Amino acid sequence: MSRFNLALRLLWRDSRTGELTILILALVIAVTSSTAIALFSDRMKRTMTNQTAEFLAADLVIESPAPVPAEWLAKAMKLDLAQARTADFSSVLIEHDELLLAGIKAVSAAYPLRGFLKTTTGDYLTETITRNGPEKGTAWVEKRILPALKLNLGDPLTVGEKQLTISNIISYEPDKKGDFYSFSPRVMINDADLQATGIVQPGSHVHYFFQFTGEPKALAEFKRWLKPQLNPSQRILDINEDRPELGSALERAERYLGLSSIAVILISGVAIAMATRRYTERHFNATALLRCLGCKQNEILWLYSSQFVVLGLVASAVGCLLGWFAQEALFHLLRGLLPQQIASPGLLAVFFGFIIGMAVLLGFALPPLLRLKQVSPLRVLRRELEPLPSSAWLIYGLSLGIIGILIWKYTGDLKMTASILGTGLMTLLALGLLIYGLLNLTRKLLPSMSLTWRFGLQGLFRNSRASVSQILAFSLTLVAMVLSFTVRTDLIDNWQNQLPNNAPNHFALNIFPAQRAAFQQELQLQHITGSQFFPVVRGRLVEINHTPVQQIVSKDTQGENATHRELSLTWTKELPEENKIVAGSWWNNQQAGLVSVEQKLAESLKIKLGDLLKFTVGSQQINATVTSIRKLRWDTMKPNFYMIFSPGTLDAYPSTFITSFYLPEPQKNMLNTLVKKYPGTTILEVDFILQQFKTILAQLTQAINYLLYFALMAGFAVLFAAVYATLDNRIYEGALMRTLGANRSLLRKTHIIEFSMLGLISGLLAVVISEAIIYALYTQVMDMEYRPSLYLWAVIPCTGALFVGMAGCWGVRHVLNKSSLRILREQY
Amino acid sequence: MQTQVNQTSNNIIVTENLGKSVVTSEGTLHILSSIDLIIKSGESIAIVGESGSGKSTLISLLAGLDTPSTGSISINGKQLTSMNEDGRAALRNELIGFVFQSFQLLHSLTALENVMLPLELSGDKHAKAAATALLHRVGLSHRLTHTPKQLSGGEQQRVALARAFVTKPAILFADEPTGNLDSKTGATIVDLLFELNLENHTTLILVTHDHTLAARCQRTIQLDSGCMV
Ligand SMILES: Nc1ncnc2c1ncn2[C@@H]1O[C@H](COP(=O)(O)OP(=O)(O)O)[C@@H](O)[C@H]1O
Ligand SMILES: [Mg+2]
């Protein structure tokens, strides 16, 4: 116990003299940022998942043509999942001698589990948000139903055999399916009235959606349990699969957050390693004395590691607390942007920050600390005896191990982690050698330089081992910062390009060929910008190279989804914009019978160039040869197609047209005109979804900006840790030089030269590495286009030289100010 | 703490053919060779010789801070040469005290804590009382809570003396204890050293340049280029 007291006392005294300041600071920064990031991204993710889950009206949905077994629902109940059910089917409504095919949706009381419904009783302007569907005996209808069937609010409406009262106009439902062509006006009724309609009978065409929400763990378990039991006509929907455009934005943001978090941890780790190194070196004498007084090696290790454990616990606790506040502050800052309902912070994330703190301390501080164990007691008599440096394997192995675990945690991909680490290690090795080479080369030039330069540069060579590690530390730090910054900028640009302000926010479907020209003119007349008009023929893919597709597709894939329903087939002469050929070539001549397939679908169905695809359109069949594979961006809000045919292939089949256009809010009235003029045409409003999507992106952008500050702070910690790492030596040498007659200005200049050179070399190396990493990252992980940035080559080395130079001069200012006699005495 | 001195033999340190050599870039350097010594319990011995003659090396071997290249050392009947580093550490804690030319106090601890240190390391429950008493004995009872930086050289060395004697060691090694002090302060430290030595019946092994100081010891060993003369 008294040993522990001793450890505590030493720790307390050391921290009071400022011996541990940088170490504590670096640790607190690491923990603060990783806690804040973990908390923030956890909350953000759950908030966004909640938000995006609105698109499904739930977290997880089972789509099935028949009610699912009762035991499934029982299982969900046991897992504490909330449940709701909708049944979708088409039915012909007849009122006042008018006929209309409507999409009926019967919803249970709990619907929607996520998101909300919007209803109105009059015009577009007074919308009410509700969290429940229609009551028993009532029906909500889409606005266009009323004129079409000559009905008014409050009138009776007969669905099947059941008479209901129209109580509301429904203007928004969260889980409206984006399958535009089967789109018929909505009638929403209560599940309790479903039986009474008499429509649902064995063999009738009903889509049931069983919806669930709950804890992610429970959902995951439910999904795992469910999957093997699904029959071919059933499938599970979740956000990532059902809304690819949001899924990819989320995924990228998550990866970025993870990456930055690792960068901050890595930078702080470097600071911790350097600060611990200095701490260790400053404790050689004390350790030698303790050894001389009879402390065993393990006792020494215990003495110091218990100090570090206590330090780690305290700093991590402080960091967690600060992280908590930082995260709260961030949410406060962003409150205008965020939805009202923010997911509560997860305690697990706080715990994670704590673990990170201890792990970083272990990974980066233990190796230098282990050196103390090797201090010879003989040092009390022979001061020049230094313990062997810790093995490089240990130093880099342990820290790489920790970083590796983190990368693995964020990517969840062992192979990728291994390759990142492997490359990292090789780069480090190559860099070390490169720096040695550079230093040696400069050393050759030394004799021909002026005194100031010689002294300055000699500072680098005197302890080339320390210089190499300092340069490595600076480079790594700069790299991490450059990465955070560049990726952020490109990510945000990428998003903004993806959804420009005038991205289409309405789709027009089912435009009859005869009306197409008039429709187009109407848009032009109102100065509304729209996309191309695509002809659409509905058809189903049935065979690939004479093999039925059902035998090819695997469960739960895009391919499966695509073969389960009719696809929208189109044809065009020119390759639509935003589409990119990745294999084969686009048709130049007018040869019919060719098809271009979307890349992901092709992968999923294992379609290759030259394959023969068979489609059924109505009762007829067509064959087409695959001549190209296309990559396209699903997130552009323009009509996108899995299958595009060469002109002449589909021309004989009845088709309608589709287009998308941007309609600014003030011109919204125009919709009424369009709907009246072209009653057969369906206008799909996606501006709400688009707005939601933009909000999410704005949130992400803010969060990402905020993260940079952490990286910046950690970077400064490294700067000072590195400067302090060799401070004692420099102060001593400076004092010696002054007693030998060197004046202050010479000393100042030598320091400026020495540190600026350190910064310059580090900056140069940093640019090389970051460009390499950015290239790999963009092409492999983030799925973005790589553009070399020339300005980095100028900015980073200069910034490095400037900042390191300034910090260095600030750090060694004592050399110039303190009495040299005192320094020389203290040193002894 | 009670020191267990071997009763059958009165010889506390015995060395045979003790030698130390190191390999340097210019070949093997023989720092010490064929040192045969018998030191009796309670004896006081001065080791004198020019700078570089191997005095510090000799006491580092005798105190088990370093290992010899040839020969053997037994302390209190135990073979030092057959012990590992941890064994020697235990032995140092139990039997040996040190005073250094450069004081070697821990800067982050107070005078009192510095003196308590060796007792705390051996798990002594009454460290504080014993340390306070000894600091009183060396005339520093009013400086207990001062850190080394607040003490003069002479005061620091007195703290070091208190630290050396607080464990009541059987053997005390002092390597030029006055080397960093002016002659007047040095003299008071030496007086204090011999007084404490007498009170505690400690075996004293003292390295010094100073012949008057050496004369106060019962025996003098002269080293020249690593050999006893
Ligand atoms: N590990 C070592 N490597 C090289 N030379 C050493 C080593 N240890 C001691 N020496 C040399 O041995 C000689 C004796 O040193 P030391 O015992 O410190 O002398 P003293 O204390 O008498 O001045 C010196 O010349 C010293 O440089
Ligand atoms: Mg000496």
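Which residue just after α9(A) takes a positive phi? G294(A) does, with a phi of about 110°.

This is a predicted model, in which local features need pLDDT of at least 70, side-chain atom pairs count only at pLDDT 80 or more, and totals for chains, interfaces and linings use all residues. Residues are numbered from 1 along each chain as its sequence is written, chains are lettered from A and ligands numbered from 1 in the order in which they are written, and side-chain values use heavy atoms, without hydrogens and water.

Helices here are DSSP runs of H or I with at least four residues, numbered from the N terminus. Helix α9 (residues 284-292) of chain A is largely enclosed by the rest of the structure, because 8 of its 9 residues are buried; buried means under 20% relative accessible area with a 1.4 Å probe, protein chains only. Among them are F284(A), L289(A) and R291(A).

Contact means heavy atoms within 4.5 Å. Leaving aside neighbours within four places in sequence, I272(A) is in contact with residues including L23(A), V360(A) and F364(A).

The two chains also meet each other. The contact takes 28 residues from chain B and 24 residues from chain A. Buried area is the accessible area (1.4 Å probe) that two parts lose on being put together, summed over both. The table gives values for this interface.

| Item | Value |
|---|---|
| Area buried between chain B and chain A | about 2600 Å² |
| Share of that area from carbon and sulfur atoms | 61% |
| Share of the chain B side's buried area from Q104(B), E120(B) and L121(B) together | 24% |

Q104(B), E120(B) and L121(B) are the residues of chain B that lose the most area to chain A.

Notes: Buried means under 20% relative accessible area, exposed over 50%, partly exposed in between (1.4 Å probe, protein chains only). Helices (H or I, at least four residues) and strands (E, at least two) are DSSP runs, numbered from the N terminus.
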